[in-house]
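The stops below are given in the order in which they may be selected.

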Amino acid sequence: MLYNITAATGNLGVKIVEEALKYIEPNNLVLTVRNPDKAAHFKQMGIGIKQANYRSEQALTAAFSGSDILIYIPSLTFPSVARIMEFENAIVAAEKTGIKQFIFIGFMADHGNNPFKMSPFFGYVQRRLASGTVPYTYIRNGMYSDPLPPYLPELARWGKILYPVADQKISFISRKDLAKAIVQIAIKESLHGKEYTLTGPKAWSMAELAELMSRISGSSIIYDPLTTEQFAELYDEPKGFGPVLVSLYEAAAKGLMGEVTEDFERITGEKAEDLSIYMEREYRGLS
Ligand SMILES: NC(=O)c1ccc[n+]([C@@H]2O[C@H](COP(=O)([O-])OP(=O)(O)OC[C@H]3O[C@@H](n4cnc5c(N)ncnc54)[C@H](OP(=O)(O)O)[C@@H]3O)[C@@H](O)[C@H]2O)c1
């Protein structure tokens, strides 16, 4: 069985490759990457490296050729129409090369009424997969915990959590845990063909998050949200991205980012790491 992982040079992709190596021989792994230089260390381990930009159906077809199981991690390309074309190239390449299982790595913010400005992409993906001929698994990742530890010093300086989500909750999961579940799905045929929502064990209100952040940083942090306009202006980096970023918190304010499921435990046989344990370890590791 030949496994192919796309975007394997990204933060999530690297974690998936590292996890996959616990179960799959390097010569049964292929990485489809935009920039092979970034995958040089994996090449040295005997993993196959294929170069392909998502913009080229031809390059993707060459890269997927001979593979059985594909783990497709989308780019962060915005707007959705551009990312849809990237995905379209990949799904056509998967059809042409007879991929046996297309494992799509998505995001929780895919609801039909989700205001997240990157959400339209996921609407297309779902319909395209459902109406196509390639067998597939659809994975909805929860919000990454990973950006929180490096963000904590800034939060401590503010003394505030600023997310404009009112009294709603967000569930977080680390990329490492996501990789654990995704690799199990890839290697176990019995898990193929379904939809999964990968989340941490609980959703956090911002008041609870502020308490946790206070405890870990040793400074007082309260929940004092900005308005959506203020938040978009403060985090408008790169210029113009603020409204896109804040639309994710508008989704959270509608209660759409707090889903908690047992999928992770069902897949891996263990609970995803609680945010408090994750934060404690990672924050100490930073200082
Ligand atoms: N759950 C969450 O909270 C959350 C948050 C942010 C993003 N996401 C989603 O998670 C996924 C990836 O996350 P990540 O943390 O791994 O992001 P990342 O570290 O920014 O990695 C992005 C990857 O996509 C590759 N890529 C970008 N444009 C490409 C193109 N045109 N052709 C081929 N490859 C391309 C990059 O290649 P290079 O190495 O060559 O640049 C890189 O490997 C994305 O689908 C994103 O939408 C989820």
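Select Tyr196 and display the residues around it: Tyr196 counts as buried because 21 C-beta neighbours lie inside 10 Å (buried means 20 or more other C-beta atoms within 10 Å of the residue's own, exposed 12 or fewer, partly exposed in between, with C-beta atoms placed from the backbone). The model is a predicted one, in which local features need pLDDT of at least 70 and side-chain atom pairs count only at pLDDT 80 or more, while totals for chains, interfaces and linings use all residues. Residues are numbered from 1 along each chain as its sequence is written.

Leaving aside residues up to four places away in sequence, Tyr196 touches Ile139, Arg140, Ile185, Asp263 and Ile267 (contact: C-beta atoms, placed from the backbone, within 7 Å). A C-alpha to C-alpha distance drawn from Tyr196 to Lys176 reads 17 Å, for a separation of 20 residues in sequence. Tyr196 belongs to strand β10 (strands are DSSP runs of E, at least two residues, and helices runs of H or I, at least four, numbered from the N terminus).

Seven strands form an open sheet with parallel pairing, in the order β3-β2-β1-β4-β5-β6-β10 (two strands pair if DSSP finds at least two bridges between them). β3 (48–51) and β10 (195–198) are the edge strands, each pairing on one side only. From one strand to the next, the twist averages 20°. Within this sheet, select β5 (residues 101–107) and β6 (residues 136–141), which pair in the parallel sense over six bridges. Ile103 stands opposite Thr137 of β6.

Among the buried residues are Leu12, Val14, Lys15 and Glu19. Their cover includes β1, β2, α2 (40–44), β4 and α7 (175–187).

Follow β7 into a second sheet. Three strands form this open sheet in the order β7-β9-β11, with mixed pairing. β7 and β11 (203–205) stand at the edges with a single partner strand each, so one side of each is left without a neighbour in the sheet. β7 pairs with β9 (residues 169–173) in the parallel sense over two bridges. Met143 has Phe172 in β9 as its bridge partner.

Finally, select helices α6 (residues 148–158) and α8 (residues 206–217), which pack at an angle of about 95° with axes 10 Å apart. They are therefore roughly perpendicular to each other (65 to 115 degrees; under 35 is roughly parallel, over 145 roughly antiparallel and the rest oblique). In this contact, Leu152, Leu155 and Ala156 of α6 meet Met213, Ile216 and Ser217 of α8.

Definitions and conventions:
Axes are lines fitted to C-alpha atoms, for helices over the stretch in contact, and angles run from 0 to 180 degrees between N-to-C directions. Two residues are in contact if their C-beta atoms, placed from the backbone, lie within 7 Å.
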